[in-house]
Protein chains: 2
Amino acid sequence: MHLTFRNSGQKASETELAFLKSAIAVENTLHTESDILQWIDSKKKATVITIEQVLFSEMKGWLFHPDLGNLVHETGKFFSIVGISVKTNWGKVPEWDQPIINQPEIGILGIISKKINGILYFLMQAKIEPGNINYVQLSPTLQATKSNYTQVHKGSRPLYLEYFSGEKKDVRILLDQLQSEQGARFLRKRNRNMIVEVEGEVSLHDNFIWMTLGQLKQMLHYDNIVNMDTRTVISGIPFGDYPAQLLELYGAFESIASSSSEYERNLLRSSLDRDTHLHETEQIISWITRQKALYELDVSRIPLKDVRRWVKTDYEIHHEEGKYFSVIGVNVEIGNREVQRWSQPLIKSAQEGIMAFLIKKIDGVYHFLVQAKLEAGNLDIIELAPTVQCLTGNYRKGLSEYEPYFLNDVLNAKPDQIRYSSFQSEEGGRFFKEQNKNMIIEVDDRFPNDVPESYCWMTLNQLKDFLKFNNYLNGNFLLHLRKP
Amino acid sequence: MHLTFRNSGQKASETELAFLKSAIAVENTLHTESDILQWIDSKKKATVITIEQVLFSEMKGWLFHPDLGNLVHETGKFFSIVGISVKTNWGKVPEWDQPIINQPEIGILGIISKKINGILYFLMQAKIEPGNINYVQLSPTLQATKSNYTQVHKGSRPLYLEYFSGEKKDVRILLDQLQSEQGARFLRKRNRNMIVEVEGEVSLHDNFIWMTLGQLKQMLHYDNIVNMDTRTVISGIPFGDYPAQLLELYGAFESIASSSSEYERNLLRSSLDRDTHLHETEQIISWITRQKALYELDVSRIPLKDVRRWVKTDYEIHHEEGKYFSVIGVNVEIGNREVQRWSQPLIKSAQEGIMAFLIKKIDGVYHFLVQAKLEAGNLDIIELAPTVQCLTGNYRKGLSEYEPYFLNDVLNAKPDQIRYSSFQSEEGGRFFKEQNKNMIIEVDDRFPNDVPESYCWMTLNQLKDFLKFNNYLNGNFLLHLRKP
């Protein structure tokens, strides 16, 4: 093991305390909230971008494989759209075919952090993706494919790659986890999510800005500003296993963040209490084990041309009933002086989606109602997901195969139960203007602790433990977890 | 989540303390060590068993699939021998084909435990498997296939199934984890390892015996008595996260187990120290993440008839150079009054294997040198394995593709470095008289802490954390972990 950690003997708590301090830092920061909003707005205004849906035959460099019908790039690079045939005993649909995005590489989503005036700042990028609503969203410092970071082929080298590739020596790794992307549309896709801390100077390129974690959190209150990848990386941040130390800091928090809502203060208090929980972690592991043992997921790759119940026209690939999503092709043009042009497929959702957590105070500590959900692209059968997650099926009654549990609790929530609500985007490099409603709904004591077999109440601390040892949480889950 | 745990609010530590007490109980037990040895011996003597290698065409119920050439049972049940084609950038062999056992179901390996005179006893079975050296070995209370426990088809119901199926209500789950079987020969095979505690009466069938964990440990000092499945289940047992409480108990241990070796006392002391370790858990996760991001494993199922460099005769399927293993067919006959007869394929190893850990005291605490190892059947690219694991290749110099790291340290270990050495069997239901040498070798301060990229020093406590959150440890690893 060649350590790339600089201080190998250091207590994890120092890092965690630094994260926590940054998470509550929203005042006296390098930039104010409105500075950042204006900066993003100026980037949007400076962006000249054209996205045009075209016939598949008009996409430069992309073709349908003559034998298999898969939608591939002529170099074999980037990603492809392939078919899968799924059999499972989970849920009410025992068998289906579908198109899916195949991109077997593990990419890096990396954020550089640096202490400025004693507070940890994160280097965020205003990044243009063709599928983004608003075009420009805050993304990690680096989004690199494996070809980028292993330097298999030359090509344009991404900015700041050297901080994540091991080339720069004066770099401390604060976070380094594999996490999956959403399993309904990606075939076993995973990213390596990294946060590194740098002590020396970091050059600030155009389109980059330093923000605290607290400021990133503020941005999550606006629709479609923080991109999917950023949300995934920051949701992996741990705040510590040292209740005593943290409780001390909590006093500081009370004074610093007195403007926080009661919900946020309760959430922080809950996350500092590691002893209170409805179920022991061993019981939760047993629950997951049972789900994995009971449910089978048999996914075979099939040629895209053989996918049953999907129709390919010159213009799109869609489900015969117009359900779920379609695959389209776009031509993209970005820039005003140096113009970049390319073609690519995008996934276009057939309807709005919703992701929501029910939360409940149990013994004074917030518990999240977590679902063990099977999706076709999952590496290991089931992953943990929000209470309600309807991304790929219409969730209005009668329009879907079945109505998910707890959907009514979410759709009929009273305003005073809604702790969080905003629209957040799917990854704009693959998804066309897709946004999902993200909600946190608080239920009271009348809501039962006893829930159906595939659901479980867990505290934030327990979620973090499962997050640490990867492959337990699905992508949609991560982006939804707002840290105190 | 329907809790099958009876005391949901109970501290995990009570269970862990019960495990620990049982692990040190070797005196004043229901049976003495020699009682148990004699009992096993009497079972062996009473066993009438004939195993005969036959032509594939003489196996009743088994055939080669007419199109694919896979070796399958005519009912489609049990397991099958299929082909895989493997591509990887790990190790020195970038591409190969091989036969592999395909048994996609998750089975249950379950042990019933019960407090007798305040000590936790485990109900072990003297079980006959055709491939066992000695024929009879101590196995878990229950080994059930999924068809057994979901009752898909009627058939002989295994004894004690009701304690693991949820039918019996007065049962507490102490352990419930998914763990993988060895990835070089099983395609993504996993078992659900369970230990349950029962308070009421448990009827004692013929061929079953109550033993403490300490006594099971004693049996591990003998060659080929404790079977693979038992070793896997007991290696998942946690001994607690409560140093203070355990240290108190440690005083008791010193007096009770004063006959233990210095090594065993050091090991226990090490396992009670959660604060001392060369690397933080977060660093180890980062190390594993990096390995998974760097190494690719592309496994495709292929027809057994298309497996390159393997030869099928009427009598066996073997590698063209006689390496690795062969697939044979046997007829089995068990019993004297009621005779059971069946045919089945078995895997026959081409040579002896070795599995060894190097251990070293670092800051006074034992660390285990762990390898991140890629095997074709792994669910997630790499798993953690012993320092040296040569199961499927001849490890003598010049006879293999390459010489594993640290092999010389194991083969040339001096007697006073050898902390443990015995022969242990592979699963006798699939493997023909295969045993591997299991060793623990202690190295001193002259041995470096800095090790090659795919190795890492970890404490027993850290190993247990990875064990808890499954899919990190490979089967061979588990069986090797002897608990204090």
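Residues are called buried under 20% relative accessible area, exposed over 50% and partly exposed in between (1.4 Å probe, protein chains only). The views show a predicted model, in which local features need pLDDT of at least 70 and side-chain atom pairs count only at pLDDT 80 or more, whereas totals for chains, interfaces and linings use all residues. Residues are numbered from 1 along each chain as its sequence is written, chains are lettered from A and ligands numbered from 1 in the order in which they are written, and side-chain values use heavy atoms, with hydrogens and water left out.

**Figure 1. Ring pair of B:Phe406 and B:Tyr455.**
Rings of Phe, Tyr and Trp (its six-membered ring) pair if their centres lie within 6.5 Å; planes under 30 degrees apart count as stacked, over 60 as edge-to-face and the rest as tilted. Over all chains, the structure holds 30 aromatic pairs. One of them is the stacked pair of B:Phe19 and B:Phe122, with centres 6.3 Å apart and 15° between the planes. B:Phe19 belongs to helix α1 (residues 12-23) of chain B and B:Phe122 to strand β7 (residues 119-128) of chain B, so that the pair links parts of the chain 103 residues apart. Helices (H or I, at least four residues) and strands (E, at least two) are DSSP runs, numbered from the N terminus. B:Phe19 is buried at 0% relative accessibility, and B:Phe122 is likewise buried, with a relative accessible area of 0%. The pair named in the title, B:Phe406 and B:Tyr455, is edge-to-face, at 5.0 Å centre to centre and 85° between the planes. B:Phe406 sits in the loop between β21 (388-390) and α9 (407-411) of chain B, while B:Tyr455 is in strand β24 (residues 455-459) of chain B, 49 residues apart. B:Phe406 is buried at 13% relative accessibility, and B:Tyr455 is buried with a relative accessible area of 3%. In chain A, ring pairs join A:Tyr405, A:Phe406, A:Phe447, A:Tyr455 and A:Trp457 into a cluster.

**Figure 2. Salt bridge of A:Lys115 and A:Glu197.**
A salt bridge is a side-chain nitrogen of Lys or Arg within 4 Å of a carboxyl oxygen of Asp or Glu. The whole structure contains 40 salt bridges over all chains. In the bridge between A:Lys115 and A:Glu197, the closest N and O atoms are 3.6 Å apart. The pair ties together parts that are 82 residues apart in sequence, because A:Lys115 lies in strand β6 (residues 107-116) of chain A and A:Glu197 in strand β11 (residues 190-198) of chain A. A:Lys115 is partly exposed at 41% relative accessible area, whereas A:Glu197 is buried at 8%.

**Figure 3. Salt bridge of B:Glu197 and B:Lys115.**
In chain B, B:Glu197 and B:Lys115 form a salt bridge whose closest N and O atoms are 3.5 Å apart. B:Glu197 is in strand β11 (residues 190-198) of chain B and B:Lys115 in strand β6 (residues 107-116) of chain B, so parts 82 residues apart in sequence are tied together. B:Glu197 is buried at 9% relative accessibility, while B:Lys115 is partly exposed, its relative accessible area being 42%. Elsewhere, salt bridges with shared partners join A:Arg309, A:Glu320, A:Glu321 and A:Lys323 into one network.

**Figure 4. Salt bridge of A:Glu442 and A:Arg419.**
The side chains of A:Glu442 and A:Arg419 meet at 2.7 Å, N to O. A:Glu442 lies in strand β23 (residues 435-443) of chain A and A:Arg419 in strand β22 (residues 418-425) of chain A, so the bridge ties together parts that are 23 residues apart in sequence. A:Glu442 is buried, with a relative accessible area of 14%; A:Arg419 is partly exposed at 28%.

Apart from neighbours within four places in sequence, A:Thr276 is in contact (heavy atoms within 4.5 Å) with A:Ile362, A:Asp363, A:Val365, A:His367 and A:Thr459. Twelve of the 14 residues of α8(A) are buried, among them A:Trp287, A:Arg290 and A:Lys292.

**Figure 5. Lysine over the ring of A:Phe64.**
A charge sits over a ring if NZ of Lys or CZ of Arg is within 6 Å of the ring centre and within 35 degrees of the ring normal. The charged end of A:Lys312 is placed over the ring of A:Phe64, 4.2 Å from its centre. In chain B, B:Lys312 lies over the face of B:Phe64, at 4.2 Å from the ring centre.
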